[in-house]
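Then let us walk through it together, one piece at a time.

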Amino acid sequence: MRDWNELKELRDTYRQTVTMRLDDEGLNENQYEKEILVCAGTGCISSKSGEFVEALKEELAKHELTEKINIVKTGCFGLCAQGPIVIIYPEAVFYHQVQPKHAKKIVSDHLVKGKLVEKLLYHDNETKEIINKLMDTPFYHKQKRVAL
């Protein structure tokens, strides 16, 4: 980066790609109906996130959703003990400890029927509350995310 204008150009280039992840109302420039972020950090890879992605691709193909749903491998979300982590946008629903066998249920229930897969949602250890947004977990309460 040499100057702010170069940074702004870069932002504008990639803005369409990440519109689904932004809180801005009215931004609907994305070519996909949904986006699935799958952690590809070291801990999640060792917990078979790569195999989950392959199973997910197979299930999306079976339901003819390959062109409607984008899969993005990301860096670490920070909750390595809960990995592999998957976040589905635009709802920003967060599933944890996913395994390749869960791809079928996520596609059939969440993506096709619009129903959350409750057993894969995070349950707070202290309150027993079900938390379906990553940023609502106690881990993130006192943090302010400045980059994705």
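Where does His102 lie? You will find His102 in the loop between β4 and α4 (103–112). Keep in mind as you look that this is a predicted model. Is His102 buried or exposed? Its relative accessibility is 7%, so His102 counts as buried, the limit being under 20%. Setting aside its neighbours within four places in sequence, His102 is in contact with Phe52, Gln97, Lys119 and Leu120.

How are they arranged around the helix? As for its length, α3 has 14 residues and reaches 20 Å from its first C-alpha to its last, close to the 20 Å expected at 1.5 Å a residue. Just after the helix comes Glu64, with a positive phi of about 55 degrees.

Now for the sheet. Strands of a sheet pair through backbone hydrogen bonds, either parallel or antiparallel. Here four strands form an open sheet with mixed pairing, in the order β2-β1-β3-β4. Because β2 (69–74) and β4 (93–95) stand at the edges, each with a single partner strand, one side of each has no neighbour in the sheet. On average, neighbouring strands are turned by 20 degrees against each other, direction ignored. Strand β1 (residues 34–39) pairs with β2 in the parallel sense over six bridges, and one example to find is Leu37, whose bridge partner in β2 is Val72. Helix α3 (residues 49–62) packs on this sheet, touching β1, β2 and β3 (86–89), and its direction makes about 175 degrees with that of β2.

Finally, how many aromatic pairs does a search of the whole structure find? It finds one. The ring centres of Phe94 and Tyr122 are 6.0 Å apart and their planes are at 35 degrees, so the pair is tilted. This pair links distant parts of the chain, with Phe94 in strand β4 and Tyr122 in strand β5 (residues 122–123), 28 residues apart. Phe94 is buried, with a relative accessible area of 0%, and Tyr122 also counts as buried, at 12% relative accessibility.

Conventions
Residues numbered from 1 in each chain as written. Predicted model: local features only at pLDDT ≥ 70, side-chain atom pairs only at ≥ 80, totals over all residues. Heavy atoms only, no water. Pairing = 2+ DSSP bridges. Helix = DSSP H or I, 4+ residues; strand = E, 2+ residues; numbered from the N terminus. Axes fitted to C-alpha atoms, helices over the stretch in contact; angles between N-to-C directions. Contact = heavy atoms within 4.5 Å. Phe/Tyr/Trp six-rings, centres within 6.5 Å; stacked < 30°, edge-to-face > 60°. Buried < 20%, exposed > 50% of the residue type's maximum accessible area, 1.4 Å probe, protein only. Expected span 1.5 Å × (residues − 1).
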